Amino acid sequence: MLPHVTASRPVFRFAPSPNGELHLGHAYSALLNADLARRAGGRLLVRMEDIDTARCRPDFEARILDDLAWLGIAVEEPVRRQSDHFARYRAALDALSALGLTYSSRASRKAIAEAVARAEAATGKPYPRDPDGAPLYPFAERDRRLAEEEAGAGDSAPAASRLFMAAAMERVPPLHWQETGEGPEGEHGLIEARPQDWGDVVLARKESPTSYHLSVVIDDAFQGVTHVVRGRDLFWSTSVHRLLQALLGLPAPVYHHHPLILDDAGRKLSKSAMTGSDKSSLRAWRDRGATPADIRRMVGLEVR
């Protein structure tokens with residue numbers, strides 16, 4: 001069991017990745033977290049999810065913190081940065097590995113795509129996919145055998161680590177989470193977690209000792225987060241998070257998934273598709289003279 005903090009009052013968190021500008025969707029999530037924390041008499045923490053050290057930059061972090069201050073969101077210091085805690089994630093991965101629940105994976109995205117295409121051509125049927133629409137990992141059985149062989153040979157070549165989902169599911173009871181928001185199809189209340197729908201998810205990448213799934217559950221537990229308020233696009237990812245919490249002996253927060261702010265074409269706002277002049281950029285709205293009250297109105301929140 002890994003250590004975690006027990007909160008004496010509700011703890012919320014806003015956890016952006018400092019790899020680009022905040023957009024209106026981020027503003028909505030940050031403001032909603034702040035509003036819910038205030039109403040509950042709780043705390044709001046800000047965490048920088050910067051495990052992608054190649055794309056995350058200090059200047060983006062500084063701009064995010066400046067945007068939050070402009071919105072009127074007080075940020076507790078110190079701000080947790082995931083890149084400062086790789087050893088903690090590594091310890092969690094080692095704990096799962098000691099249970100025989102991980103294996104090494106060296107297949108490239110190209111190799112995965114080619115294997116999926118071959119399988120679909122051979123069967124004439126769509127290859128199984130996860131809730132996000134990505135194909136399930138096709139080399140699981142092969143790689144588990146190779147990982148067992150390499151463990152004895154001491155192979156240390158860079159590799160990703162994947163969760164042996166079938167073995168992990170055998171170690172936990174049926175899992176659920178409490179949802180106070182709403183899922184893509186209106187799901188609410190006590191939700192059945194189905195981590196098996198995701199297949200053998202990545203827990204650590206070749207270039208990083210962790211992944212989003214692993215680091216987010218470690219951080220939420222370590223920081224004593226009691227309420228996770230985030231976008232509806234992460235609704236079914238909660239299944240994987242509940243599984244990792246159960247395997248590592250970590251508490252389960254209450255989850256609240258909120259609607260996404262969409263662009264004019266009905267697509268989710270994305271930092272990767274946004275430029276500094278993009279009208280969805282919070283910085284661009286600031287430069288055009290918008291006020292924090294204007295932003296609240298634009299994202300559908302009450303002005304206070």
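In which helix does Pro292 lie? Pro292 lies in helix H10, where helices are DSSP runs of H or I with at least four residues and strands are DSSP runs of E with at least two, numbered from the N terminus.

## Basis of the description

This is a predicted model, in which local features need pLDDT of at least 70 and side-chain atom pairs count only at pLDDT 80 or more, while totals for chains, interfaces and linings use all residues. Residues are numbered from 1 along each chain as its sequence is written, and side-chain values use heavy atoms, with hydrogens and water left out.

## Helix H10

Pro292 is partly exposed, with a relative accessible area of 27%; buried means under 20% relative accessible area, exposed over 50%, and partly exposed in between, with a 1.4 Å probe and protein chains only. Not counting residues up to four places away in sequence, Pro292 touches Trp70 and Leu71, contact being defined as heavy atoms within 4.5 Å.

Arg296 also lies in H10, which covers residues 292-298, and counts as buried at 8% relative accessibility. Its side chain reaches the backbone oxygen of Glu302 at 2.7 Å. With neighbours within four places in sequence left aside, the contacts of Arg296 include Leu31, Asp35 and Val303.

H1 is mostly covered, with 14 of its 16 residues buried, and is followed by Gly41, whose phi is positive, near 65°.

Helix H8 (residues 238-248) is likewise mostly covered, since 10 of its 11 residues are buried, among them Val240, His241, Arg242 and Leu248. Gly249, which follows H8, has a positive phi near 70°.

## An antiparallel sheet

Three strands form an open sheet in the order S4-S5-S8, with antiparallel pairing; two strands pair if DSSP finds at least two bridges between them. Strand S4 (102-105) and strand S8 (202-204) stand at the edges with a single partner strand each, so one side of each is left without a neighbour in the sheet. S4 and strand S5 (residues 160-163) pair over four bridges, and Ser105 has Ala160 in S5 as its bridge partner.

## Salt bridges and a cis peptide bond

The structure holds 27 salt bridges, each being a side-chain nitrogen of Lys or Arg within 4 Å of a carboxyl oxygen of Asp or Glu. Arg63 forms one with Glu21, the closest N and O atoms being 2.6 Å apart; because Arg63 lies in helix H2 and Glu21 in the loop between strand S1 (11-14) and H1, the pair ties together parts that are 42 residues apart in sequence. Arg63 is partly exposed at 31% relative accessibility, whereas Glu21 is buried at 15%.

Glu76 forms a salt bridge with Arg43, with the closest N and O atoms 2.8 Å apart, and this pair links the loop between H2 and S3 to strand S2 (residues 43-48). Pro78 is found in the loop between helix H2 (58-71) and strand S3 (80-81), and the peptide bond from Glu77 to Pro78 is cis, with omega near -5°.

Notes:
Polar contact = N/O pair within 3.5 Å; in protein donor to acceptor, adjacent residues only side chain to side chain.
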